[in-house]
Amino acid sequence: MVRVEGLTKHFRVGNRTIQAVGGVTFSIPQGAFFTLLGPSGCGKTTILRCIAGLEQPDAGEVWLDERLVYSHSRGTAIPPHRRDLGVVFQSYAIWPHMTVYENAAFPLEVRRRPGGEVRRRVREVLELVGLDGLEARPAPSLSGGQQQRLALARALVHAPKVLLLDEPLSNLDAKLREQLGRELKSIQRRVGVTTCYVTHDQAEALTLSDVVGVMTEGRLIQTGPPREVYAHPHDPFVAWFVGAANLLPGRLETVNGIAMVTTACGSLRCASPNGLSSGEVLLCLRPEDIKIVTDRPVTDGLNVWSGILEDVVFSGESSEAYVRVTGTTLRARGAGAAFPPAGTTVYVVFPPERCVVVPRGAAG
Ligand SMILES: Nc1ncnc2c1ncn2[C@@H]1O[C@H](COP(=O)(O)OP(=O)(O)O)[C@@H](O)[C@H]1O
Ligand SMILES: [Mg+2]
């Protein structure tokens, strides 16, 4: 279990004070994979460093496994090496002057564990990350992916209660990132270690995590399982940052229990009004939820707009279509070569249950 309560951290830069983290609260259940997701500079690393004890918060508390390790008001500050953590930071690579074995053994050596235990644990953990057989290799002779596996082995060798990972895959190429991501997730499940992961990559966050916390400008703005955050963003920033979205400003009105949003392109019935009944909102339409047809659908005319297909971009497994509807370009996604050629007049169909209403909050 990890609990962060009201965490706040400022930095002084010259004669200015900047707020890196402004009152962040979250908790990670035992064994869960939690990800802080947000753009560069939003405060993710600072939060991780505060959990690790490498940075002193200006306010708030940090609990690790029912133990208070930091409290500003109570004056508690347990030093990093006594927090029982495994850490993989982007910038702390493996130690180049050591072999694979020595790298993995180091955390146990500094804890003065007996030789037999060190050898056993190092063997177990190198096998876990798939580096068994490479014990005698100098660490710098490993590939980038192997070096990250070694960093993970070193973080797990002392069987910590909590694992902290700061963008551990960001220096790898796309294929390796995907493969190592899957491995990491499977290792995390097997070991059952409570994990706090940090990334700016929304696809990575959605695929790896049990729970995602979306951050911007030092604040945590929505927390939930990946599907929920993707399907029901509560905030314009979340809708925009997580996945691709068409975001149309509009006005929500509910008449006889039917929620309609009127936008510059027309009105759409929404079956997912997010608990709202009226007011200025954003309509969030995911590209994969927009259907494009060439024949006018036989319906009551609700949730069908006509437009001109401006452009089709083919990218292998899918295509993106850009449709112009009264001054706005909407993006739709379909399988393979699903769309007619550019220039065609088309009908755009929106299933009401996929028309998601997002409150136009302070960030919008
Ligand atoms: N040691 C530091 N001194 C001054 N400013 C810092 C320091 N560390 C981080 N910051 C600032 O705090 C903000 C959050 O940084 P960081 O936590 O590294 O963001 P992220 O990891 O999300 O990219 C940024 O504006 C960054 O420039
Ligand atoms: Mg960072």
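**Helix packing, ligand shell and domains**

The axes of helix 2 (residues 100-110) and helix 3 (residues 115-128) come within 10 Å and cross at roughly 130 degrees. This is a predicted model: local features need pLDDT of at least 70, side-chain atom pairs count only at pLDDT 80 or more, and totals for chains, interfaces and linings use all residues. Residues are numbered from 1 along each chain as its sequence is written, with chains lettered from A and ligands numbered from 1 in the order written.

**Helix 2 and helix 3**
- Axes are lines fitted to C-alpha atoms over the stretch in contact, with angles from 0 to 180 degrees between N-to-C directions.
- Helices are DSSP runs of H or I with at least four residues; strands are E runs of at least two.
- Helix 2 contributes Tyr101, Ala104, Ala105, Leu108 and Glu109 to the contact (C-beta atoms, placed from the backbone, within 7 Å).
- Helix 3 contributes Val118, Arg121, Val122, Val125 and Leu126.

**Ligand 1**
- The surrounding residues are Phe11, Val13, Ile18, Ala20, Gly38, Ser40, Gly41, Cys42, Gly43, Lys44, Thr45 and Thr46 (C-beta atom, placed from the backbone, within 6 Å).
- Strand 1 (2-13), strand 2 (16-28) and helix 1 (44-52) each supply at least two shell residues.
- Helix 1 gives the largest share, three residues.

**Domains**
- The assignment, automatic or from a database, gives domain 1 (2-231) and domain 2 (244-355).
- Their C-alpha centres lie 40 Å apart.

Technical notes. Two residues are in contact if their C-beta atoms, placed from the backbone, lie within 7 Å.
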